[in-house]
2 protein chains.
Amino acid sequence: MGLFLSTFVNRVDKKGRVSVPATFRATLSQQTFQGIIAYRSFTAACMEGCGMDFMERLSDSTQNFDAFSAEQEDLSALIFADARQLAWDPEGRIVLPEDVMAHAGITEAAAFVGKGQTFQIWEPEAYKAVEAEIRARALKLRPTLPLKKPASGDGK
Amino acid sequence: MGLFLSTFVNRVDKKGRVSVPATFRATLSQQTFQGIIAYRSFTAACMEGCGMDFMERLSDSTQNFDAFSAEQEDLSALIFADARQLAWDPEGRIVLPEDVMAHAGITEAAAFVGKGQTFQIWEPEAYKAVEAEIRARALKLRPTLPLKKPASGDGK
DNA sequence: CTCGATACCATTGACGCCCATGTTTACCCA
DNA sequence: TGGGTAAACATGGGCGTCAATGGTATCGAG
């Protein structure tokens, strides 16, 4: 399974177009929908991004009523309502809608930030500030990452 | 499963290329992604290095929401955002990005330091200093390493 | 007919691939 | 056991391809 890794800053032209990083496109290449899904973050001034399969998994999760609280169901409903399908053109660019750019404060450039299964889209300077903040806190608290054991069997 | 062992110092050419030690490549040879993943250490002036499977394990771990605190989630998110996929060329070299070399202070050479499951990339002189420090501390404290029992069954 | 959206085309600059070379290590044979 | 040979690895440079980016044309809707 492909992951969204690293951070890429790409220019936004006057038509609102921006290139989706090639590596992100590669991870999404096997999906039914040739593009990305984007919705406004609840907690930060950025967009959340993912592929269609992630949306389907979210949908599946909400089917298990007992697995999800009422709050979580509200949240996922909000996500579905706000999600936009942004197809990319033959050159791999998407067009950022007005309100998306407004929500994230994006003007001239957009930062695609890998989050593993998903990614985020930020105004580059805003992300730098947030990142520095988290990094400083991480340095102070020194949390440790509990890792699962490698998949049993072979190391393939 | 292969381990990253020993320390290798290789030259960095003017294009920023450096050979990944052959033994490290062998350790990573069975991975889906032919290259290394590198991200900036939070605590030291070096890069942390690993293979794609390590990232996937991290991703799997973050799926267990209850197992993760907010701080840990921040940290793993930071790793994903900072992780760079550095594929090697047919000769086994990777290109070190500008900011990577800046963070680690690397100019003419890079030291690949085995850490077992992972490895680190240092500016050679900087690592020598840190190593001497750790060695001196180890001599004084005489820490002991608790060993797990060997896995029953196969030793694979 | 006008405006907006999307496909098409062109440019450039970085990155990956190819070939060539030196140097060390490992191996084979005398 | 020693020398010679061959393979593998580390290193350097040149070139082609692809991704990112900016502009133009075309199609459709209002």
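**Close-up 1. Protein residues near DNA strand C in the predicted model.** The residues of the surface near DNA strand C divide into nine charged, two nonpolar and no polar. Chain A contributes Lys15(A), Arg17(A), Asp89(A), Pro90(A), Glu91(A) and Arg93(A). From chain B come Lys15(B), Arg17(B), Pro90(B), Glu91(B) and Arg93(B). Of the atoms of DNA strand C that come within 4 Å of the protein, sugar and phosphate make up 21%.

**Close-up 2. Side chains of Lys15(A) and Glu91(B) at the bases of DNA strand C.** An N or O atom in the Lys15(A) side chain is 3.3 Å from a base oxygen. For Glu91(B), a polar side-chain atom lies 3.3 Å from a base nitrogen.

**Close-up 3. Met101(A) in helix α4 of chain A.** The helix spans residues 98-104. Met101(A) has 17% relative accessibility, so it counts as buried under the 20% cut-off. Beyond its neighbours within four places in sequence, Met101(A) is in contact with Val12(A), Leu96(A), Ile106(A) and Thr107(A). Ile121(A) is 20 residues from Met101(A) in sequence; their C-alpha atoms are 9.7 Å apart.

**Close-up 4. Strand β3 of chain A and its pairing partners, β4(A) and β5(A).** β3(A) covers residues 35-40. Five of these six residues are buried, so the strand is largely enclosed by the rest of the structure. β3(A) pairs with β5(A), residues 84-87, in the antiparallel sense over four bridges. Here Ile36(A) has Leu86(A) as its bridge partner. Pairing with β4(A), residues 47-50, is also antiparallel, over four bridges. Ile37(A) is bridged to Cys50(A) in that strand. β3(A) and β4(A) form a hairpin, with six residues between them.

Conventions: Residues numbered from 1 in each chain as written. Chains lettered and ligands numbered in written order. Predicted model: local features only at pLDDT ≥ 70, side-chain atom pairs only at ≥ 80, totals over all residues. Heavy atoms only, no water. Near = heavy atom within 4 Å. Polar contact = N/O pair within 3.5 Å; in protein donor to acceptor, adjacent residues only side chain to side chain. Nonpolar A, V, L, I, M, F, W, Y, C, P; charged D, E, K, R; others polar. Helix = DSSP H or I, 4+ residues; strand = E, 2+ residues; numbered from the N terminus. Buried < 20%, exposed > 50% of the residue type's maximum accessible area, 1.4 Å probe, protein only. Contact = heavy atoms within 4.5 Å. Pairing = 2+ DSSP bridges.
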